[in-house]
Amino acid sequence: MTVNPLDGQKDIASYEPVDGRLFSATHEEILTGWTTDIYFLKTRDVLRSAGLLETPVVAEVFTRKPGTFAGSEEVLNLFRKLPNPPRVEALSEGESFEAKEVVMRITGTYESFGLYETVLLGMLASSTGWATAAKECVEAAEGRNVLCFGARHVHPAIAPVMERAAKIAGCSAMSCILAAKLCGEEPKGTVPHAAILMVGDTVKLAKLYDAQVPAEEPRIVLVDTFKDEAEETMRVAEALGDKLSGIRLDTPGERGGVTPDLVREIRWRLDTAGYNKVQIIATGGLTPERIKVMNEAGADVYGVGSYITNGAQRDMTMDIKMVNGRPIAKRGRLPGIIPNPKLKRVL
């Protein structure tokens, strides 16, 4: 589908959506301006009529809450595809910032980026929110690996964006195939309950899994489908022996969820039987607070989904701070550039 670039309000009338399309925007629609707010298109028409569209300006982006910065690389990819991209300074992705700290500064003519204010703020707000939540989990894990299992909690169109933000924040791996490949990595994960339910027995599934996956891939098996988790753990350990890398706990809330006592018991039983190297992967509704408790109980790895995807998006604001070299600002804001030595030239 060919998408015509937006230049003014007149272009909107000619747009006709294709029947049966997905409701998510295509890359072409984003890059040509179709996901911006209408008022920025109106601004473009007004400034053009006044001969002001080429006015040089400086804009700064900030948010009112602290967090972990992410999303700038996608903004840069957007700008790189524009005819005359602006100059951009920004924090490094993964860097922490304080409330109201300038996280990005954009310098250029208003025409060079003004239409895309909605787009760039959305990119930064979402990725920064996810990265901030992921960083909280990574810090709580105190050096233990945290895997991002959040793809099922968001629209598939943005799942790779979310998992990339989690990776920037320190997550060791991600389960979404496209997300991992876009980050130059391989996706990580074992088999779901569906496989065990279809096979009918956890040990039988473990043996089938062992025979099917490549030798270099770790053997990690879910142990909460049919029997007591501690019992199932030992059955799988005895069946796979030294091949078993880890067991994953995902006990449903209907049965009490994954508790510290359960982790502690399984760790004890594995160690007593000589399976000291078998890791315990805890998943299911984890939060930073629960992760800290699980650390003490003996968990080795965490799979986190909803806490990352539910991370509060940072409400990004972009203000024009210089017009034609003159400091300016809306009421309540400080006119002119706000210094931030952490900003680096990125475009």
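Q: Hi! In this predicted model, which residues are exposed on the other side of H10?
A: Asp261, Trp268 and Thr272 are exposed there.

Q: And which ones in H10 are buried?
A: Those are Leu262, Val263, Ile266, Arg267 and Leu270. Looking down the axis of H10, you find its buried residues within an arc of 130°, so they line one face of the helix.

Q: How many residues does H10 have?
A: H10 covers residues 260-272, which gives 13 residues. From its first C-alpha to its last it reaches 18 Å, close to the 18 Å expected.

Q: What comes up just after H10?
A: Glycine 274, which takes a positive phi of about 90°.

Q: New topic: how many aromatic pairs are there?
A: The structure holds three. One of them joins tyrosine 39 and phenylalanine 40, with ring centres 4.9 Å apart and planes at 55°, so this pair is tilted.

Q: Is phenylalanine 40 buried or exposed?
A: Phenylalanine 40 counts as buried, at 10% relative accessibility. Tyrosine 39 is partly exposed, with a relative accessible area of 48%.

Q: What about tyrosine 110 and phenylalanine 113?
A: They form a tilted aromatic pair too, 6.1 Å centre to centre with 55° between the planes. Tyrosine 110 counts as buried at 12% relative accessibility, and phenylalanine 113 is buried with a relative accessible area of 0%.

Key: Residues are numbered from 1 along each chain as its sequence is written. This is a predicted model: local features need pLDDT of at least 70, side-chain atom pairs count only at pLDDT 80 or more; totals for chains, interfaces and linings use all residues. Side-chain values use heavy atoms; hydrogens and water are left out. Helices (H or I, at least four residues) and strands (E, at least two) are DSSP runs, numbered from the N terminus. The expected span of a helix is 1.5 Å times one less than its number of residues. Buried means under 20% relative accessible area, exposed over 50%, partly exposed in between (1.4 Å probe, protein chains only). The arc is that of the directions from the helix axis to the C-beta atoms. Rings of Phe, Tyr and Trp (its six-membered ring) pair if their centres lie within 6.5 Å; planes under 30 degrees apart count as stacked, over 60 as edge-to-face and the rest as tilted.
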